[in-house]
Amino acid sequence: MFTYILLDCLSKMNAERTVSGVYHLLRGKKSSQTFQDAKVYRIEGYYGIYPDLQRETLDHALHELCKEGKTVWHDHGRMSVTAYGQGSMEETHMPLYFSGLEYSEAVEEFKNRLMLWIQIISNAVYRHAGYLPIVDKGPVQTWARKFYSERKAVLDEEAPILYKELRALLTPFSDTEKEMFVRRLTGGDRSGWTYSQLAEESGEPAWDIPLYLTNMYYYMFSEVSSDSSSYLYKLTEDLVKKEAFTSSSGKSIALYNKFGSIEKVAKIRQLQPSTIEDHLVEAVLVDPARNIDAFISREGARDISAAVRKTSTKRLKVIREQLNGDYSYFQIRIVLAKLQKGQG
Amino acid sequence: MEPINVKKVLEDQFKFSEFRPGQENVIENALRGVDTLAILPTGSGKSLCYQLPSLILPGLTIVVSPLISLMIDQVKQVKAKGMKRVAALHSFLSPQQKRKISGNLRKLDLIYISPEMLQMPKMKSLLKRETISLFVVDEAHCISQWGHEFRTDYLKLHQVISDLGEPPVLALSATATPEVQEDILFQLGRTGACKLIYPMDKPNIQLGVAEIENEQEKRRFLIDFLSRQKAPAMIYFSSRQMAEKVSLELKANSLGRIAYYHGGMDPVDRQLVQQQFMNNELDIVCCTSAFGMGIDKSDIRIVIHYHLPPRIESFIQEIGRAGRDGGECTSLLLYAPGDERLPQMFIQSELPSHEQIDAFLRFCYANEKTPSYEDCMHLELSESQYNFLIANAGDKDFSLQATARETADKLKERQLLRTEQKQNHLIHMMEVINTPGCRRKDLYRHFQEGFQTPHQKCCDHCHPEIFQVTYESVKERQGLPLWEERLYNIFHARSSYGQ
Ligand SMILES: Nc1ncnc2c1ncn2[C@@H]1O[C@H](COP(=O)(O)OP(=O)(O)OP(=O)(O)O)[C@@H](O)[C@H]1O
Ligand SMILES: [Mg+2]
Ligand SMILES: [Zn+2]
Ligand SMILES: [Zn+2]
């Protein structure tokens with residue numbers, strides 16, 4: 001699954017970004033650049049789906065892909081997918097449920113809550129007291145304590161309900177995935193398994209295991225969060241879709257809307273004007289209907305669109321050269337942001 | 001022409017050692033390009049009758065099938081057998097997928113197309129460029145208003161066939177009375193076709209009708225009967241709510257792995273239930289008639305009708321899901337006095353009332369055109385009522401106001417006739433219930449003379465002990481994957497899995 005996702009990202013990015021872009025995307029880096037790449041190249045589903053990804057793991061996987069002839073390196077750390085690589089993607093395609101840009105945080109939280117809650121309810125059924133919670137994150141534990149105190153009297157009745165629901169939620173997955181999911185869980189009767197144990201048992205590559213599980217949690221999250229009659233709905237109720245832009249961008253955009261000057265906003269926020277420009281590009285990405293006349297003339301926008309079509313790239317440098325350096329990078333980026341809907 | 005060894009194709013490609021009765025003759029006709037109507041019993045292998053020839057015939061074989069899910073399943077199965085030059089064209093595909101298939105027609109041996117796709121001028125012109133070796137109409141009774149699954153789309157097939165240059169036609173059905181058989185050929189413009197009619201009774205099925213006092217007793221009887229069974233079973237209901245309700249009750253009685261299936265469910269859920277049943281992850285499916293056509297699970301041992309089917313053809317079609325492997329199976333119909341009232345009500349709701357006929361025609365003549373179903377939403381017609389109106393008046397010229405009166409009279413006359421026919425179908429069904437004699441004899445006598453000797457017991461009148469039958473084909477749950485047991489154990493302290 002990991003290599004499939006890498007190939008998908010690389011082929012959509014069309015060697016216009018370095019492989020670090022993929023790394024930041026999968027880890028869900030909170031930066032305007034990552035956010036824009038996700039949108040412009042339509043790989044937003046993958047945003048933040050692999051927060052624990054190590055750089056070595058990525059490099060290793062890319063090395064493998066290259067060795068197998070599925071990708072080739074270009075200069076400056078860019079990589080593109082070969083025809084053979086494209087073909088191999090079609091073969092290994094499987095249902096993916098990721099919608100990371102919107103839900104990576106919510107699903108991460110949901111996953112932790114569910115794992116912890118299963119442990120709590122199972123230990124209650126087994127009448128075990130005094131065990132180590134498998135999730136040690138503060139907010140998740142706080143949530144669990146509250147949830148527990150509301151229903152400690154009915155855990156015995158709820159256990160079979162949760163069991164049935166999970167069982168049903170697992171139906172669309174292969175036996176290997178179900179096995180992985182269930183073995184990962186910690187209950188009153190045994191401990192969950194590590195990723196490497198799971199990899200060993202399933203024969204799948206270790207770097208795929210977290211992705212398999214995350215993919216299942218995305219599926220489950222979307223199933224139960226949209227069904228208020230489900231038991232697990234209660235775990236998702238307060239988890240919301242991510243804000244359209246980062247909070248820093250939100251502030252800049254609001255200030256810009258008020259004062260209409262990049263310099264002024266930069267001064268107020270004590271940031272570089274280029275950062276404010278980033279935020280404004282983000283605003284257009286989120287709302288392509290947004291007016292950009294203040295940044296570029298209609299004619300200029302037409303020139304830039306024409307150059308984009310002609311060079312059929314999203315690489316700023318190439319586009320700028322095509323236009324003989326007549327427009328700034330910011331102007332090109334904002335037009336590209338506006339064009340995003342009509343492309344791909 | 002060199003004689004083709006069809007037997008060899010059967011063995012090599014389909015991995016079957018012998019033809020089933022009828023298959024060889026139908027295939028021979030198809031290969032010779034003879035227009036044919038073939039009636040073979042449910043589950044007897046009608047699909048093979050065109051799949052095999054499609055491999056041999058030089059051009060394209062087109063199959064029209066009434067249900068998209070049926071087409072998709074068949075393509076999957078055929079591909080699993082190693083036939084690669086097969087595709088299905090239907091409205092669930094994305095435009096790209098459609099383009100990809102229709103652009104590659106020449107590379108195909110066999111294509112399944114939904115009737116509405118065939119109507120599209122673009123599709124027709126693409127197909128016209130191909131050599132069509134065989135035009136197959138599966139579930140051909142759908143073309144007849146006297147049949148039990150009438151579809152207006154099917155009526156236009158005659159036109160399509162002639163637009164495609166009159167290729168040889170093969171019409172297939174399992175449930176067509178002689179009257180419907182004639183109508184099929186008439187509607188297809190093939191009255192001279194060769195008829196290959198095989199006995200449609202299934203000698204491997206035992207027929208039981210249990211007469212039961214009331215609803216509550218029905219439930220008790222059902223639970224008692226199913227508690228003695230460990231085999232794949234289907235239970236048919238005429239209402240969605242009842243299918244759901246009873247499935248819950250059976251589950252509460254721990255009668256195995258049970259699910260319900262009906263047309264009101266999410267398509268993904270429906271697909272999942274079907275898959276689970278096919279993969280033996282379910283023992284019992286409580287369903288409406290939406291679950292049936294195209295379900296080709298070989299080892300279903302029991303089909304139960306909780307409600308009275310409205311006509312014999314539907315009943316035969318539904319019990320045809322059982323014993324497709326040729327092994328023993330049982331049909332059980334639960335009848336309580338007054339059960340015929342439900343199908344009576346359906347008959348009324350299926351046909352438009354005289355008031356609805358008048359309102360519909362007023363609308364048509366006011367707009368001077370034949371309205372789509374969406375156009376006349378405000379008339380609150382059911383789909384079957386609408387279909388009736390279109391089938392009987394859809395081709396009228398509604399700009400000729402003077403004909404209004406005449407059209408109305410004709411429609412009303414038709415409506416009376418159809419109501420009477422439907423009543424008759426119900427009466428025939430009731431005859432099977434009320435007969436003091438052999439039920440088999442009554443069930444098949446409208447289709448054919450006599451019937452084959454049953455392999456085991458015949459019916460509950462010939463062999464009252466058939467209610468005691470038990471099936472044990474499902475193994476104890478050892479075969480389940482480990483994850484299931486493991487998940488169970490997380491939430492249940494005593495290791496009681498499978499008990
Ligand atoms: N000659 C044969 N030998 C053994 N099995 C066969 C043979 N021909 C077909 N079958 C099998 O019989 C089953 C039923 O076939 P099929 O679905 O074509 O039946 P059908 O007549 O179309 O039934 P229905 O009326 O329900 O549509 C299939 O699983 C098929 O593989
Ligand atoms: Mg069939
Ligand atoms: Zn009769
Ligand atoms: Zn009998």
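**Group meeting: a zinc site, an interface and one serine**

Hi everyone, let me start with His446(B), which counts as partly exposed at 27% relative accessibility. Please keep in mind that this is a predicted model.

So what does His446(B) do here? Through its NE2 atom it coordinates the zinc ion (ligand 3), together with His428(B) by ND1 and Glu431(B) by OE, at 2.1 to 2.2 Å. In sequence, those donor residues follow the spacing H-x2-E-x14-H. His428(B) sits in helix α18 (residues 404-434) of chain B, while His446(B) is in the loop between α19 (439-444) and α20 (482-491), so the two histidines tie together parts that are 18 residues apart in sequence. His428(B) is partly exposed too, with a relative accessible area of 24%.

Now to the interface. Chains A and B bury about 1800 Å² between them, and 66% of that is on carbon and sulfur atoms. Chain A brings 22 residues to the contact and chain B brings 14. Between the chains there are two salt bridges; one of them joins Glu179(A) to Arg486(B), with the closest N and O atoms 2.5 Å apart. There are also five residue pairs in polar contact. On the chain A side, α8(A) gives the most, with seven residues. That side divides into twelve nonpolar, three polar and seven charged residues.

One last stop: is Ser305(A) buried or exposed? It counts as buried, because its relative accessibility is 14%, under the 20% cut-off. Ser305(A) lies in helix α16 (residues 298-311) of chain A. Beyond its neighbours within four places in sequence, Ser305(A) is in contact with Val335(A) and Leu339(A). Its C-alpha atom is also 7.7 Å from that of Leu336(A), 31 residues apart along the chain. Thanks, everyone!

Methods: Residues are numbered from 1 along each chain as its sequence is written. Chains are lettered from A and ligands numbered from 1 in the order in which they are written. This is a predicted model: local features need pLDDT of at least 70, side-chain atom pairs count only at pLDDT 80 or more; totals for chains, interfaces and linings use all residues. Side-chain values use heavy atoms; hydrogens and water are left out. Helices (H or I, at least four residues) and strands (E, at least two) are DSSP runs, numbered from the N terminus. Buried means under 20% relative accessible area, exposed over 50%, partly exposed in between (1.4 Å probe, protein chains only). Contact means heavy atoms within 4.5 Å. Donors are N, O and S atoms within 2.8 Å of the metal (3.2 Å for Na, K and Ca); water is not among the atoms, so sites may look incomplete. Buried area is the accessible area (1.4 Å probe) that two parts lose on being put together, summed over both. A salt bridge is a side-chain nitrogen of Lys or Arg within 4 Å of a carboxyl oxygen of Asp or Glu. A polar contact is a pair of N or O atoms within 3.5 Å; within protein, one must be able to donate a hydrogen and the other to accept it, and residues adjacent in sequence count only if both atoms are side-chain atoms. Ala, Val, Leu, Ile, Met, Phe, Trp, Tyr, Cys and Pro count as nonpolar, Asp, Glu, Lys and Arg as charged, and the others, Gly among them, as polar.
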